[in-house]
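Could you walk me through how this structure is put together? I'd like to go through it question by question.

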Amino acid sequence: MRILISHDTVYRYANPPASVVQILRLTPRNHDGQYVGSWRIDISADCRLDAHEDSFGNLTHTFSVDGPVEELVIHVEGDVDTEDTNGVVRGAIERFPPGLFLRETQLTTPSPAIRDFAAALKAAGYGETLSLLHGLLACLYEEMTFDADPTHAATTAAEAFAIRRGVCQDFAHIFIAAARSLGVPARYVSGYFFRSDGVNDQNAGHAWAEAYVADLGWVAFDPANGISATDAHLRVAAGLDYLGAAPVRGTRYGGGAENLAVRVRLQQARQQAQN
Amino acid sequence: MAVAFDEMTGQDGKLRPAYRELSAWLGEIRPDVLDYRRREAEFLFRRIGITFAVYGEADSQERLIPFDVIPRILSAPEWALLSRGLEQRVTAINAYIRDIYGKRECLRAGIVPEDLVFQNPVFRPEMNGQKVPHDIYVAIAGIDIVRVDDQTFYVLEDNARTPSGVSYMLENREIMLRLFPELFSRHRIAPVDNYPDELLATLQSIAPNTAAAEPTVVLLTPGVFNSAYYEHSFLADKLGIELVEGRDLFVRGEEVFMRTTQGPKRVDVIYRRLDDDFLDPLAFRPDSVLGVPGLMSAYQAGNVTLANAVGTGVADDKAVYSYMPEIVKFFLGEEPILRNVPTFRCREDEHLGYVLDNIDKLVVKEVHGSGGYGMLIGPAADKAMLAAFRAKLKSAPANFIAQPTLALSTCPTCVDSGIAPRHVDLRPFVLTGRDKVRIVPGGLTRVAMKAGSLVVNSSQGGGTKDTWVLDG
């Protein structure tokens, strides 16, 4: 599938800050089943974008803007070819052995409730790691309700699981916490999801999880949709949790409240030729 | 427990040569004069304002660390041995950290278990594959040494993050010089007052290559509420560098600048006394207001040196400690000059079994704890405490190590009843620059003020002494 992406992150400030510093993880890389055609990032303010690769292999851009900044728009545009790999992620840049992804982070520390939830699955006899993970995916999708109201960017897996509600980030964090508590390395992925229901305009990017299965490698699970990743998933950055893969992390000096609006538009490119 | 080795009288009560003059002097000085000087010392410390906040105490107020006026003395040959051992140990630590964040050869060779590194909270994935200026990760180390007999010094703990206490080494000496000039005139004591110069030279030597010929060095403090704030301001003053908080610095175009009255000034080396977690809200804890947003990107671009580097905790974690002798051998191809305290790794079944059976004879430590917290001293614990620790050990064995209860050496100390032996340790400070390793002869001697107590940590009521290294 050829996906066209247009993604705007718009900050509006009540009182313009004196300056803004940000780090972006907004650039996808190639791996098996994902080929980036074109990709560009535009910042509405005058600044220098410094490109780097972080320690997990994600492409980052850092910049600082001297204000007063009234509005800041980060515009991302590109096209990517994807293929369905049954969720298996091969050929991605790997900087660490899978064991690293058993680390707990503040956002993914399993609460006793998450541990029990995961242990119950194991006890239910799902067997091999892969089917255990599929069980986790299905049960989590069943157990949780998608709800953007009660959670926010700093909500932990434990908090979201306690109320059984959250957004894709929360679903991913709970999945990761549960998988790690079972001794399965797991990580957070941020990216985009092309919806087959014709809803092209979204107000957020997407997030899911990858878990490591011996003999198979990294396998992507999308607990918010209850499915394995497909060619509708466009993988941008991976990390131990949201903070390690967040599309934008930033700080501003001075100024008042900020208003953040995200507009993501995904379209499937018309195929030139069809079989 | 065996009778402890005494720094002054050894194991057999025979006066050791390094203490000959001190012993004579102690015999001569009138108790009321000694007592008067003790009170004078306390008054001076109070006036300087050298205080320490103790966490976990109900009133948690700042207080004075007790100072003992009787110095602890090391002979020249003893120091020569220690000094060689310290340089070797810190050199190995630097090589190890570089390897952990680089080629990981010691993991492949099985020297250190992989999970101990990758699942350790103090391992910083953000440092993986990052170069640091001149490959120096630990520019300032504080190595805690204990002694058990005439010949044997053990390393008790490596401090490779932000070791504190050096201000006490300097202040203790200054106060002793002031109060006991006659005692100094009877000895040839190696000076320590060049420490600030040595530290500055070390920090300047590891400036990034993009720095000006005369690099700008600053000391970054978490602020006045930090328990070691006194030391931060003291050192900045002695080094003649700016004492800054996160809000005084900012990052532009991957360079770090300091706000000054003359406009922004580029900063090349940051002697940071702020923990990794708080350094940069864009890379670590997003809620930290103590750090500098974007600092890590300037660091990764090679435009600023952080001393110590980020992620050095992988070398001083108590779980890694037990592997240090192998680490020294692996990276330097040498036998360790300074030995480790024999250590049981509770993560290994065999060791765990032994520890559970002998817990009343052992010291059990939490691998991520510090300052004497989360520690059990078996022989001093009651049944309930032993049972509680056994349960903790069983539920998370990998979180603990255990060591035999050491008969730490004692040193004569002024106490209420006169002069009595009290257990001591020693924290020398090892400075690693691009050009060389510098170790000021001496360090901080900590003393357990309670009779029989082995806990010397200032947070647990320990005191300090001036440490003398005899010249020739």
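This is a predicted model: local features need pLDDT of at least 70, side-chain atom pairs count only at pLDDT 80 or more; totals for chains, interfaces and linings use all residues.

Residues are numbered from 1 along each chain as its sequence is written, and chains are lettered from A and ligands numbered from 1 in the order in which they are written.

Q: In what order do the four strands of the open sheet in chain A sit?
A: Strands here are DSSP runs of E with at least two residues, helices are runs of H or I with at least four, and both are numbered from the N terminus. Two strands pair if DSSP finds at least two bridges between them. The pairing in this sheet is antiparallel, and the order is E4-E5-E2-E16.

Q: Which strands are the edge strands of that sheet?
A: An edge strand here pairs on one side only. The twist averages 20° from one strand to the next, with angles taken from 0 to 180 degrees between N-to-C directions of lines fitted to C-alpha atoms (for helices, over the stretch in contact). The edge strands are E4 (50-53) and E16 (248-253) of chain A.

Q: Which residue stands opposite Val256(B) in E10(B)?
A: Strand E9 of chain B (residues 255-258) pairs with E10(B) in the antiparallel sense over three bridges. The residue opposite Val256(B) is Val267(B).

Q: Is strand E19 of chain B largely enclosed or largely open?
A: A residue is buried if 20 or more other C-beta atoms lie within 10 Å of its own, exposed if 12 or fewer, and partly exposed in between, with C-beta atoms placed from the backbone. In E19(B) (residues 418-427), seven of the ten residues are buried, so the rest of the structure leaves this strand largely enclosed.

Q: How many residues lie between E18(B) and E19(B) in their hairpin?
A: E18 of chain B (residues 410-415) runs antiparallel to E19(B), joined by six bridges, and Thr413(B) stands opposite Ala420(B). Between the two strands of the hairpin there are two residues.

Q: How do H8(B) and H9(B) lie to each other, roughly parallel or roughly perpendicular?
A: Helix H8 (residues 195-205) and helix H9 (residues 229-239) of chain B pack with their axes 9 Å apart, at an angle of about 80°. Angles under 35 degrees count as roughly parallel, over 145 as roughly antiparallel, 65 to 115 as roughly perpendicular and the rest as oblique. That makes the pair roughly perpendicular.

Q: Which residues of H1(A) make the contact with H2(A)?
A: The axes of H1 (residues 112-123) and H2 (residues 129-143) of chain A come within 10 Å and cross at roughly 130°. Residues are in contact if their C-beta atoms, placed from the backbone, lie within 7 Å. On the H2(A) side that gives Leu132(A), Gly135(A), Leu136(A) and Cys139(A), and on the H1(A) side Ala118(A), Leu121(A) and Lys122(A).

Q: Which element gives the most to the side of chain A that touches chain B?
A: Across the two chains, 20 residues of chain A are in contact with 21 residues of chain B. Elements giving two or more residues on the chain A side are E2, E4, E5 (59-66) and E16. The one that gives the most, with three residues, is E16(A).

Q: Is Asn15(A) buried or exposed?
A: Asn15(A) sits in the loop between strand E1 (2-13) and E2 of chain A. Leaving aside neighbours within four places in sequence, Asn15(A) is in contact with Gly255(A) and Gly256(A). With 11 C-beta neighbours inside 10 Å, Asn15(A) counts as exposed.
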